[in-house]
Structures are given as C-alpha cells and as structure tokens.
Amino acid sequence: MTDVTGPLEYDVVVLGAGPVGENVADRVRAAGLSAAVVESELIGGECSYWACMPSKALLRPAIARAEARRVPGLSGAVQGPLDTKAVLGNRDAFTSHWKDDGQVAWLDGIGAAIHRGHGRLEGPRRVSVTGPDGEQLLLTARHAVAVCTGSRAVLPGLPGLADAAPWTSREATSAQRVPGRLVVVGGGVVGVEMATAWRALGAEVTLLVRGEGLLPRMEPFAGELVARSLTEAGATVRTGVSVTAVERDGSTGPVTVVLGDGERVEADEVLFATGRAPRTDDLGLETVGLEPGSWLTVDDSCRVEGSDWLYAVGDVNHRALLTHQGKYQARVAGASIAARARGVKALGTAPWTAHAATADHRAVTQVVFTEPEIAAVGLTLAEAEAAGHRVRAVDYDLSGVAGAALYADGYRGHARMIVDLDAETLLGVTFAGPAVGEMLHSATVAVVGEVPIDRLWHAVPAYPTISEVWLRLLETYRG
Ligand SMILES: Cc1cc2nc3c(=O)[nH]c(=O)nc-3n(C[C@H](O)[C@H](O)[C@H](O)COP(=O)(O)OP(=O)(O)OC[C@H]3O[C@@H](n4cnc5c(N)ncnc54)[C@H](O)[C@@H]3O)c2cc1C
C-alpha cells in the first residue's frame, strides 16, 4: 500500500523548479507568502543542465577562437584545435556536474520548501507528489498553483527513429565525446548553435534543414550569415531537404539518415533539433478541465484563462521559450499572485505595469550564440507588416563601421531597425555580427522605452565601437 502524507498547506505551490519556478517562488516568498516547490529531476531545470548553460559553455571557446583568428597579430597563435577535454570539462563545471546542491541551498535560503517527485494536479488548488520511492504527498495551495514544468524536445514520428538512439538537445549539450560525424536535423536556434559547437570541436557536421534557410523566425540576413560561416568552418549546410527515415543497428555504430529523394547520409550520431512540446502530459490537467499535453494559454499576469488560482509561467505557456523571458514572466506572476493574495481585485491595465508581461508581445529579446552572433528584439519586418504597422526597414552593413573593422579583420555583419512610420519609434532591431550580443540591450531600451527617433539622435555612441552602427542607422533613416 502506498503511504499518503498530508495535506500540507502553502500559500503557493510551484510545479517545476527550473529558472522560472525558482523565480516565482522567490517573488512570492519576498512578498511574505509561504511557498513549496515540486521538482521531479534537478532543481535548476533544463536551462542549467541541458540547455543555456552547457550550450553556451561549449560555444564560448568556438566563438572566441573564430574571432581571434581574424585579429592581425593574434591569428597565428590560435590556428590549432580546441582542447576538447578542457572544453568539455568547463561545460561540466558550468552544469555543476549535473548536481543541484547549489540551487537547493539557494531555495533553502529564500525559505521555500522543496518536495522531490512528480507533481500532478488533483483538482483545484490540490497537488499530489509521487516521490522517488513511490510515496505520496498531498499539498494544497491557499492562493495559487504555478505550473512551471517547461518543455521537452519533440522527435518526429519517422520510421526507425525511436530505435536509432537519436540525440536531442539533452545529449547534444551533455555528450562526453565528440562524434566523428554528426548530422543535425533542424535549422532553428538549437540546430545552428549545436552545429557550430560540435563543428568547432572537430566533428564533421551536416546540417539538414527542411525550409529554405536557417533561423526562419528571424530577419533573413541572420540565417544567411550563419549559413555562410558554418560552411566556411567546414560544415555542410543543406536546405530544402526532408528526412524520411532513420536506420541504425542497435544504439551504437553508424546511423543512416534517409532523405526524401532516397539519398542516404551516414553519421556517428544524429541530433534532432525539431521543436519543443509542453511538459503537461502527465500533470493532471484533466482534473481541472484542461487538455493534457497542451500548451497552457494565459493572460498577461500569467494566469490560466478562466481560472482564479492556476498560473502557467515560462516555456509551458508558449509565449517565448527563453529563460530570461520566463524569468520576467515569473516576476510578473509573483507580483500578481501576491497582489491578489492581498485582496487586490483589478491589477491595472497600463501597458508597462509590473503585473502584465507585455514585453512578451512586443519586445522579446534573443541572442543566438553562433559565429556570427545574432541579437534581436521586438518585431522583424515580416512580423511588423503582418501586424498591420506602417513601417520602414533601415539597413546598414556593419563592415562599414570603424569599431567593427578594428574588432576583426574582414568583419562581416548587418543591422536592421524597423521604424514605425506613424509613431517614429522602433518596433524591432536585429544585429548580426561578432560581439553584437552585448549591444542588444541598447536596442531593447529603445524599443521598450518607445524612444522617439529624434531623441535617439542625441544618444551618441562612443568612437570607435561597433555601437556606432546606431548613428549610421539613424543617418540612413534621415537620408
Ligand atoms: C539547447 C538549448 C539551449 C538554450 N539556450 C538558451 C539560452 O541561451 N538562453 C535562453 O534564454 N534560453 C535558452 N534555451 C531555452 C531555455 O532553456 C528555456 O526557455 C528555459 O529552460 C525554460 O525554463 P522553465 O523554468 O520554463 O522550464 P525548464 O527549465 O524546462 O524547467 C522545468 C522544470 O520542471 C520540472 N518538471 C516538469 N514536469 C514536472 C512535474 N510533473 N513534477 C515536478 N517537476 C516537473 C522539470 O524537471 C524541470 O526541472 C535553450 C533551450 C535549449 C533546448
């Protein structure tokens, strides 16, 4: 017979202790509410162990070496291979060797209770936790349950794939050896970042993309520049190809990827970077009238539509699958839960209130850590036009900026800002080029602050930096 303990009562129960769940707990604790966090794997979530942290630790030496190779006087010193053992070791250190003691200590420090195990909703405000040994604990939430269970990689239903031990983002970020040949299926962010990292570590990489270009959700020049660099780095980039089957004898040995025209591509590993699905399939959603396995639709306070106690924050609500956007939502959700617990009925509807995750709609930021880097905020030209704005795209070739030419010999990059012609403010900005990631926040402030173009003219970029592209974009706009 299974032991059932509880119910234990908290003000707030958080399901999932990824970066988002941790931040919801932090915010409600700071507001004086009690909080319990339920986690079935590692405290810290996907981001800490199989996503942001390990991927960026793998990419940093790849990008630094590529940039150094274009600095006269330095390039000769960096022609050799990366030190694979050191790169993987550094990656392992950034994941704390897949141990979560540090994050447990942090949650302890803010006074949140931790319950290890698989959490499920058992009707309104009730959560059951099945622990590692099958023991059951019941929790109830006085004010709110926040679902922060994130997302997982999706594998397409191709013949042979399930038995071919394919890599997903988890294996691609945690592998302990460099495959001789790696096929990457998918040209989105995960696909291009992992192709960049493993190519730099010496793998023979073939990137297979169904569409016409890489990074399809970004400005087209972003994917074009990344494809060109990957090709120059020795990867094979093939667009307009579909994978129809995968064959492998056992989980080791070569794997064969079969393409639409019957061509067969052999490799040592195949990574499928073909999208994400919500981790809501075994969450008891049916006990509260929701569809298991679905993304959870929320309002701007991150409360599930039609509920007065259920919140869904981070990847699981499908607004923007990025850690920083999820943590922003967590701050909004935490503030909203706390305000409603104090009896505040209407949270206010001003566009930039602390209780509404409005940046999700108009100012999502993202950096793709490839060579070159891509940094984007807000709307692309295609998105702005589709949304009915009267816009003009203003473009500038970054190689014409003195700071860029100094940064690297033959610096290649491009910038685009999308001007709202009615408001004369910016709706979006995309930079592509080495080291542009650190420039993104200037664009974010301009977009979120709705800074008039005339005022931006007085934000003088320092000479000679890459950020002088701001001046060039404004000059181009004014003509
Ligand atoms: C390869 C890769 C690289 C990425 N790089 C970046 C990057 O550089 N920058 C960036 O901003 N974003 C990046 N992302 C996206 C980022 O990882 C996610 O947006 C982020 O992890 C979402 O956080 P979350 O807390 O919503 O979910 P998660 O991090 O997925 O955490 C959810 C947690 O819930 C737990 N859980 C799930 N179900 C249950 C249950 N029933 N009971 C108990 N616990 C449960 C899980 O075990 C997990 O710990 C990357 C993603 C990938 C795949």
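1. A word on the basis. This is a predicted model, in which local features need pLDDT of at least 70, side-chain atom pairs count only at pLDDT 80 or more, and totals for chains, interfaces and linings use all residues. Residues are numbered from 1 along each chain as its sequence is written, and side-chain values use heavy atoms, with hydrogens and water left out.

2. Let's start with α1 and α9. Helix α1 (residues 19-30) packs on helix α9 (residues 323-341) at an angle of about 30°, their axes 8 Å apart (helices are DSSP runs of H or I with at least four residues, numbered from the N terminus; axes are lines fitted to C-alpha atoms over the stretch in contact, and angles run from 0 to 180 degrees between N-to-C directions). That makes α1 roughly parallel to α9 (angles under 35 degrees; over 145 is roughly antiparallel, 65 to 115 roughly perpendicular and the rest oblique). On the α1 side, P19, V20, N23, V24, R27 and V28 take part, meeting residues of α9 that include T323, K327 and I337 (contact means heavy atoms within 4.5 Å).

3. Next, α3 with α4. Helix α3 (residues 52-68) and helix α4 (residues 84-94) pack at about 150°, with axes 8 Å apart. α3 is therefore roughly antiparallel to α4. M53, P54, A57, L58 and P61 of α3 make the contact with V87, L88, N90, R91 and F94 of α4. By class, this contact has 8 nonpolar, 1 polar and 1 charged residues (Ala, Val, Leu, Ile, Met, Phe, Trp, Tyr, Cys and Pro count as nonpolar, Asp, Glu, Lys and Arg as charged, and the others, Gly among them, as polar).

4. Back to the opening pair. α3 meets helix α7 (residues 189-200) at an angle of about 60°, the axes being 9 Å apart. Among the residues in contact are K56, L59 and R65 of α3 and E193, M194 and W198 of α7. The class count here is 7 nonpolar, 2 polar and 3 charged residues.

5. Finally, please look at the ligand. Of the 34 residues around the ligand, E39, K56, G119, D315 and T323 come nearest (a residue counts if one of its heavy atoms lies within 4 Å). Oxygen atoms of the ligand lie 2.8 Å from a polar side-chain atom of K56 and 2.7 Å from an N or O atom in the side chain of D315. A polar backbone atom of E46 is 3.0 Å from a ligand oxygen atom.

How values were computed:
Helix = DSSP H or I, 4+ residues; strand = E, 2+ residues; numbered from the N terminus. Polar contact = N/O pair within 3.5 Å; in protein donor to acceptor, adjacent residues only side chain to side chain.
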